[in-house]
Amino acid sequence: MTESSNTSPDTAVDDAVRALPAGFALIAEDPQLGPSIAASLEKVETQLLEAIANSDPFANATSRHLAQAGGKRIRPLLALLASHLGPDPDNAKVIQAAVVVELTHLATLYHDDVMDSAPLRRGAPTAHEVWGNSVAVLTGDLIFARASSLVSELGGEALGIQARTFERLCLGQLHETVGPHDGQGPLEHYLAVISGKTASLIAASGQLGALFAGADREAVDIMVEYGEKVGTAFQLADDVIDVTGRKAKSGKTPGTDLREGIPTLPVLLLRDNAAAGDAEAAAVLELVDGDLSSDAALAAAVEALRENPATAQAWAVARQWSDDAVAALEPLPDSVVKQSLAGFARAVVERDV
């Protein structure tokens with residue numbers, strides 16, 4: 001997006017919109033919002049790469065690794081959209097806040113990939129596969145430091161939002177690692193992990209965008225509630241796609257979470273159904289809990305779980321979170337921004353898998 005200076009505004013909008021996640025088609029159709037969002041996304045991309053740049057050649061290479069691999073920039077986009085709920089969406093602090101949330105997201109990916117031993121991210125080898133675990137973790141820390149430096153320039157309220165979000169991100173990862181605490185059920189634990197690891201930063205994105213555009217407090221608070229709900233719906237859908245998706249569509253091998261023993265919603269519901277006496281669920285659970293080291297065994301478990309009612313139940317839960325996110329927007333006046341936010345919430349659970 002940074003090389004669009006020789007293209008027409010219409011082309012820039014088209015190029016920017018083609019890179020957006022599903023649900024935001026209305027942006028392209030709006031003669032004011034479309035060019036504004038496209039121009040802002042270009043600024044975010046330029047400033048993102050500038051923020052990551054390092055005078056140390058090795059640190060520069062490791063820091064740019066994921067940023068240059070692409071990504072849909074969902075969090076910056078939500079910040080930019082939320083800014084149009086206020087009177088000053090062109091405020092430079094909105095762009096800086098959008099860069100901060102994407103830097104924070106990128107940093108967590110370096111850490112997550114180490115903890116998950118993930119070989120690929122965005123179609124490219126993960127940093128730890130290229131340079132080792134220590135370098136990957138330190139690179140994530142370095143990017144967090146850049147995000148902290150930028151957010152400190154935005155003032156105390158933004159710094160507080162970032163600090164609380166960072167705490168929730170860390171706690172989400174910690175809780176996922178150690179499992180449920182005493183008295184906490186598996187499903188409650190699972191949703192708490194999602195709230196920390198995914199929903200917190202999506203909520204902060206909308207909150208910061210609305211805040212620095214001068215939106216009223218009600219609109220800022222609505223973006224927090226919306227972000228929490230749509231972030232949860234987004235992650236729930238991703239987890240269901242792991243056992244229902246086709247690799248060509250979802251970008252990941254179906255059953256990755258099953259093989260790694262990660263308890264996601266379809267499996268949690270399957271366990272509940274089996275415990276309640278559902279013989280079919282018990283039979284599928286035996287496959288899921290078996291040795292999935294071979295591709296054939298994994299494919300059989302994926303197919304069985306895909307066809308089991310537990311997967312449909314999981315989709316229903318994800319759709320309910322999506323519906324709740326749309327409902328959170330109700331107090332806002334009707335606008336393309338509101339419609340686009342609602343469209344995104346619906347799109348995350350209506351993906352072609």
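**One residue, then the whole fold**

Mentor: Glutamine 184 has a relative accessible area of 14%, under the 20% cut-off, so this residue counts as buried. Keep in mind that we are reading a predicted model.

Trainee: Where is the place of glutamine 184?

Mentor: Look for the loop between helix 9 (156-178) and helix 10 (186-212); glutamine 184 is located there.

Trainee: Which residues does glutamine 184 touch, not counting those up to four places away in sequence?

Mentor: With those sequence neighbours set aside, glutamine 184 touches His189 and Ala192.

Trainee: Now the whole chain. How many helices and strands does the protein have?

Mentor: There are 18 helices and 2 strands. The radius of gyration is 21 Å, close to the 20 Å from the globule rule for 353 residues, so the protein is as compact as a globular protein of that length. Along the principal axes, the C-alpha trace spans about 60 × 50 × 40 Å.

Trainee: What percentage of the 353 residues is buried?

Mentor: Buried residues make up 51% of them. For contacts with a separation of 6 or more, 73% come from residues 24 or more positions apart.

Trainee: And what does the accessible surface come to?

Mentor: About 15700 Å², with 53% of that belonging to carbon and sulfur atoms.

Trainee: How many positive and negative side chains are there?

Mentor: The protein carries 26 positive and 49 negative side chains. To read their arrangement, compare the centres of the two sets: here they lie 3 Å apart.

Note on methods
Residues are numbered from 1 along each chain as its sequence is written. This is a predicted model: local features need pLDDT of at least 70, side-chain atom pairs count only at pLDDT 80 or more; totals for chains, interfaces and linings use all residues. Side-chain values use heavy atoms; hydrogens and water are left out. Helices (H or I, at least four residues) and strands (E, at least two) are DSSP runs, numbered from the N terminus. The radius of gyration is taken over C-alpha atoms; the globule rule is 2.2 Å times the number of residues to the power 0.38. Buried means under 20% relative accessible area, exposed over 50%, partly exposed in between (1.4 Å probe, protein chains only). Contact means heavy atoms within 4.5 Å. Accessible areas come from the Shrake-Rupley method with a 1.4 Å probe; for residues, only the protein chains shown count as cover. Lys and Arg count as positive and Asp and Glu as negative; His and the chain ends are not counted. The place of a charge is taken as NZ of Lys, CZ of Arg, CG of Asp or CD of Glu.
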